[in-house]
Amino acid sequence: MHKPIEGFSKLTKSEKINWIAQNCTRNPEGTTALLEKYWNNDKELQKVHDEFIENTLSNYYLPYSVAPNFLINGRLLTIPMVIEESSVVAAASKSAKFWLPKGGFKTTVIGTEKVGQVHFMYYGEQKKLESVFDKLKPSLFSETEQLTNSMRKRGGGISEITLRDKTEKLKGYYQLHCTFQTMDAMGANFINSCLEQFAKILEREAAKNELELEVIMSILSNYVPNCLVKAEVQCAISEKKSETTVSKGFAERMVQAVKIAKTEPYRAVTHNKGIMNGIDAVVLATGNDFRAIEAGVHAFAAKDGGYSSLTHATIQDNTFKFWIEVPLAVGTVGGLTSLHPLVKLSLEILQHPTAKELMQIMAVAGLAQNFAALRSLVTTGIQKGHMKMHLLNLLNQAGATESEKLKLVDYFKDHTVSNAAVKDALNNLRN
Ligand SMILES: CC(C)(COP(=O)([O-])OP(=O)([O-])OC[C@H]1O[C@@H](n2cnc3c(N)ncnc32)[C@H](O)[C@@H]1OP(=O)([O-])[O-])[C@@H](O)C(=O)NCCC(=O)NCCSC(=O)C[C@@](C)(O)CC(=O)[O-]
Ligand SMILES: NC(=O)C1=CN([C@@H]2O[C@H](COP(=O)(O)OP(=O)(O)OC[C@H]3O[C@@H](n4cnc5c(N)ncnc54)[C@H](O)[C@@H]3O)[C@@H](O)[C@H]2O)C=CC1
C-alpha cells in the first residue's frame, strides 16, 4: 500500500502518470507506455480531452458505432451509438429494419418540464412562512431576470415556484419546488444558478420578517416525470408471416413478456437494462449525462410504488402495439456538445436535432432495443444472437489469429457459441 499524496492535482500530467505507475502498478514502464499509447497524436485534440475532467492521464476508448434504417415520424435516420457491449447495435439495427416496412416509429413529446428545489428547514408557524412566501414570490422572478433573460428570449425560463410542506416526512422540512423550461439545454447550470439566487432571496426575506429558516441546499432534480417522451410501433396481426405484419402467437408472447416485466421486479430490472442499452448508447454518443438519465429513468420506473417495465404492449382490434414512455432531460447545446468532435459528428448524423427531437430519437433507440431483446427471448432465446455477436471477443480472448478467426467464424455459423466451444474449436483447428 502506498502513502497518501498531498497536492496530486498540482502535478503535471507526466508527473501524475509517473506517480501512478510507480505507486500503483507492478510494471511502471509498461503502465506509462500503455497510457501514452492511448494519447491522440493531434496535440490540440488531446488537450481538449485532457481538459474535460480533472487529473486526466489518458483516453479510455469505447466503440463509436451507428444503427441505420430508423424511420421516425416518416423521417429516415441513422443513429450513432457508443457502447462496449456486443449485439446491442446489431439488435437496434435489426429492429429498425423490422419496423421499416411496417411504418416505422411514431413519437410524441409529452412534456419538457425540468425541476429544481431549494431545500430548507423551518420550525416556526407555517402560516407565517406561507404569507412571507406569497410576498416574496414575485421577487424570485424579478431578481433573477438577468439570469433568465436569454432563456426567456428562447421561449424558456422559470415556469412556476411553489412552497411545499414536507414536514410529515421530515420535521421542519420545506422546499421551494421550482419548474423550468430550458429549451435545447439539459439545463443543470441554468437551473442551479436560478436556485442559488432563490435561496439568497429566501434567506434575506426570512431575516427581514424575523423567520428563523435555514437553507440546506439548492439543486436541480434528475427526477423529471414531466419531461416525458413516448415512442411507439404498431402493426396488424396476420395468420401468415408477412413484411408488414406479425403473427398472433408472436404478438401474444411479446405481450406476456411485457406483463411479466410489469409484475416482477427481478425481471423488470433486466427488461429496463435492455432498454437502457439503447438509450445510454445514444446519450453517450451525443455527449449527454448518462448518470442523470439513468437515475431519472429508474425513479420513473418505480413511480407507482414498485419497480416496473418502461415499455407497454397490447393486442387490440387485431393490432399489436408496443410503446415506451420515458423521462429524458437531454441537451443538444451546452455540456460537451460543442467541445467533443465526435459528439458534434453525432449531432450532424442526426441532422442537428433540437433537444425535443433528441428525446424522441433516444426513446426510439430504447424501444427498438427492448423489442429486439424480447423478440429473441420469446423465440430463439437470447444466447443465439448475442453469442453470435460476442464470438469475435471470445476468439480474441482465446488468442486466435486473423486466419483462425476467419475459419472459426465460418465454423460457428452452424454451431452453438460458448466460451468452452470456442476454446475447443480453436484447439481442434490447431492440432
Ligand atoms: C444479434 C441479432 C441482431 C442477430 O440477429 P440475426 O437474425 O442473426 O441477424 P441477421 O444476420 O439475420 O441480420 C439481420 C439484421 O440484424 C442486424 N445485424 C445482424 N448482425 C449484425 C452485425 N454483425 N452488425 C450490425 N448489424 C447486424 C442488421 O440490421 C441485419 O440486417 P443487414 O445489415 O444485413 O441488412 C439478434 O439475435 C438480436 O437482436 N438479438 C438480441 C440481442 C440483444 O438484445 N442484445 C443486447 C445484449 S443482451 C442484454 O443486455 C439485454 C437483455 C437481453 O438481458 C435484456 C432483456 O432481458 O430484456
Ligand atoms: N445533477 C445533475 O444532473 C448535474 C449535471 N451537471 C452537468 O451540467 C451539464 C449540463 O448543463 P447545462 O446547463 O445544460 O449546460 P451548459 O451550462 O454548458 O449550457 C447551457 C447553456 O447554453 C445556452 N444556450 C444556447 N443556446 C441555447 C438553446 N437553444 N436552448 C437552451 N440554452 C441555450 C444557455 O445559456 C444555457 O444555459 C452537463 O454536463 C451535466 O453533466 C451539473 C450539475 C449537476
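Start at Leu136 in helix H5, where a kink of about 40° lies shortly before the proline Pro138. The bend at a residue is the angle between axes fitted to the seven residues ending there and the seven starting there. Helices (H or I, at least four residues) and strands (E, at least two) are DSSP runs, numbered from the N terminus. This is a predicted model, in which local features need pLDDT of at least 70 and side-chain atom pairs count only at pLDDT 80 or more, while totals for chains, interfaces and linings use all residues. Residues are numbered from 1 along each chain as its sequence is written, and chains are lettered from A and ligands numbered from 1 in the order in which they are written.

**Helix H5.** Select residues 126-142 to see the whole of H5. Its 17 residues reach 25 Å from first to last C-alpha, close to the 24 Å expected at 1.5 Å a residue; the expected span is 1.5 Å times one less than the number of residues. Colour Val132, Leu136 and Leu140, which are buried. A residue is buried if 20 or more other C-beta atoms lie within 10 Å of its own, exposed if 12 or fewer, and partly exposed in between, with C-beta atoms placed from the backbone. Strand S5 (157-165) and H7 are included in what covers the buried residues of H5.

**Domains.** Next, colour the chain by domain: domain 1 (8-50), domain 2 (64-108 + 227-379), domain 3 (114-221) and domain 4 (385-430). These bounds come from an automatic or database domain assignment. The C-alpha centres of domain 2 and domain 3 lie 35 Å apart. Their contact takes twelve residues from domain 2 and six residues from domain 3, two residues being in contact if their C-beta atoms, placed from the backbone, lie within 7 Å. On the domain 2 side, the touching residues divide into five nonpolar, six polar and one charged. Here Ala, Val, Leu, Ile, Met, Phe, Trp, Tyr, Cys and Pro count as nonpolar, Asp, Glu, Lys and Arg as charged, and the others, Gly among them, as polar.

**Ligand 2.** Select ligand 2 and the 19 residues around it, of which Met183, Ala188, Asn189, Gly334 and Gly335 come nearest. A residue is near a molecule if its C-beta atom, placed from the backbone, lies within 6 Å of it. Helix H7 (residues 188-208) gives the most to this shell, with three residues. Domain 2 and domain 3 each provide at least three residues of the shell around ligand 2.

**Ligand 1.** Move to ligand 1, surrounded by 24 residues, with Ala90, Ser93, Lys94, Gly274 and Gly385 the closest. Helix H4 (88-99), helix H9 (265-285), helix H12 (355-377) and helix H13 (382-397) each supply at least two residues of this shell; the largest share, seven residues, comes from H4. The shell around ligand 1 divides into ten nonpolar, nine polar and five charged residues.

**Helix H9.** Of the 21 residues of H9, 15 are buried, so the helix is largely enclosed by the rest of the structure. Just after H9, Gly287 takes a positive phi of about 70°.

**Two loops.** Finish with Asn318, in the loop between strand S10 (311-316) and strand S11 (319-327). Asn318 is not a glycine, yet has a positive phi of about 65°. His352, in the loop between helix H11 (341-349) and H12, is likewise not a glycine and has a positive phi of about 50°. His352 is exposed, with 11 other C-beta atoms within 10 Å.
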